[in-house]
Amino acid sequence: MPATWIDTKEQDLSRETLAALLDNRLAAIRIRTFASPAECAAFAGAARAGNLKHYSVATRIGYIGLAQYEYRWNRPLSDYFDDVPAAAADLRQVVEAAGFDPVARLIERLRAVWDAPVGLGHEAGQGDYYAGIVRIASEGVALHADYAPLNSPAYAIARIDGQLGWNFFAEDLPSGGATTVYNAPWSPAVARGEIPRSYDLPREVVAGAPSITYAPTAGDVVLFNSRNPHEIAGGPRPHLDRFVRRAHARPLPAAVVLSTAQMPLCTGGASQAGSPESHCAPRA
Ligand SMILES: O=C(O)CCC(=O)C(=O)O
Ligand SMILES: [Fe+2]
């Protein structure tokens, strides 16, 4: 697909910039000082002490919570929703220890500018989507795209018309860790009934495309249109941690919903039940 950006500067959050980002006309929105230094430190410390798991891909990527990648092929969608409560309990533990809930805060910030409902994504007959994966990706993340109509055709979120990735950065890195987003909206040739590979994409898909590279500055949230292939450079020190909270904002008929259906990897699973984010459910 041809490039679509009319501006590659990072923008402030407003109704207009959010709509333009969903339409893939802007490269990125940065919400500066989304969290205070004390909140960042508390969140990073709580995440380090959390129930950390690792994706089964070559680069070592630690995470707390749940993503859909490993539920994507040959698994009923109920497997994903069965694992949401335990993942939500792992996240709640971090949020409670930190005394700071980035998902709830992001929902508030989006509600303040958006005139349609904003809340967690919900799958009829199954439950809420999980929102808010915490990631520790010190070795980088390979080129991939996150777009539910292609990645998750069996889920309700396949019926969206725009998808954003958002990340809250709790720690600065001395170097490395920057994210590059390429304005080459992902449109692979897909055979009927097939779900295309979305992770570790060949470089040809972004050849010649306009790109931006944004820095993971502690305290900020950066949003971008995740149908654009994107990658994260590794830092020089493999154990240097970077904490990322992530979900996607996307409009359903008249709403913005948050979910993490699209992380390119993994599986949840833990012990307790209960959802920390039920107060974020979409308003009727
Ligand atoms: O951490 C980042 O900057 C981007 C992570 C990512 O792949 C996403 O949010 O979809
Ligand atoms: Fe991504």
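I began with Asp-161, which is exposed because it has 11 other C-beta atoms within 10 Å. I placed Asp-161 in the loop between helix 5 (148–151) and strand 10 (164–169). Helices (H or I, at least four residues) and strands (E, at least two) are DSSP runs numbered from the N terminus. Asp-161 and Ala-148 lie 9.3 Å apart in space, C-alpha to C-alpha, and 13 residues apart in sequence.

I noted that this is a predicted model, in which local features need pLDDT of at least 70 and side-chain atom pairs count only at pLDDT 80 or more, while totals for chains, interfaces and linings use all residues. Residues are numbered from 1 along each chain as its sequence is written, and chains are lettered from A and ligands numbered from 1 in the order in which they are written.

I then looked up the whole protein chain. Its secondary structure comprises five helices and 16 strands. Of its 284 residues, 48% are buried. Contacts (C-beta atoms, placed from the backbone, within 7 Å) with a separation of 6 or more come to 84% from residues 24 or more positions apart.

Next I examined helix 1 (residues 15–22), whose buried residues are Leu-18, Leu-21 and Leu-22. They fall within an arc of 100° seen down the helix axis, so they line one face of helix 1; the arc is that of the directions from the helix axis to the C-beta atoms. Just after helix 1, Asn-24 has a positive phi of about 65°.

I turned to the nonpolar cores, each a set of buried Ala, Val, Leu, Ile, Met, Phe, Trp, Tyr and Cys residues joined through C-beta atoms within 7 Å. The largest has 59 residues, and Ala-28, Phe-43, Ala-47, Val-94, Ala-170 and Leu-223 touch the most other members. Helix 3 (residues 77–98) gives this core its largest share, eight residues. A second, separate core of nine residues includes Tyr-147, Tyr-155, Ile-157 and Ile-160. Beyond four places in sequence, Ala-28 touches residues including Val-181, Ile-212 and Tyr-214.

Last, I traced an open sheet of four strands in the order 9-14-11-12, with antiparallel pairing. Strands pair if DSSP finds at least two bridges between them. Strand 9 (141–144) and strand 12 (211–214) are the edges, each pairing on one side only. Four bridges join strand 11 (residues 179–182) to strand 12, and Tyr-182 stands opposite Ser-211 in strand 12.

Methods:
Buried ≥ 20, exposed ≤ 12 C-beta atoms within 10 Å, placed from the backbone. Contact = placed C-beta atoms within 7 Å.
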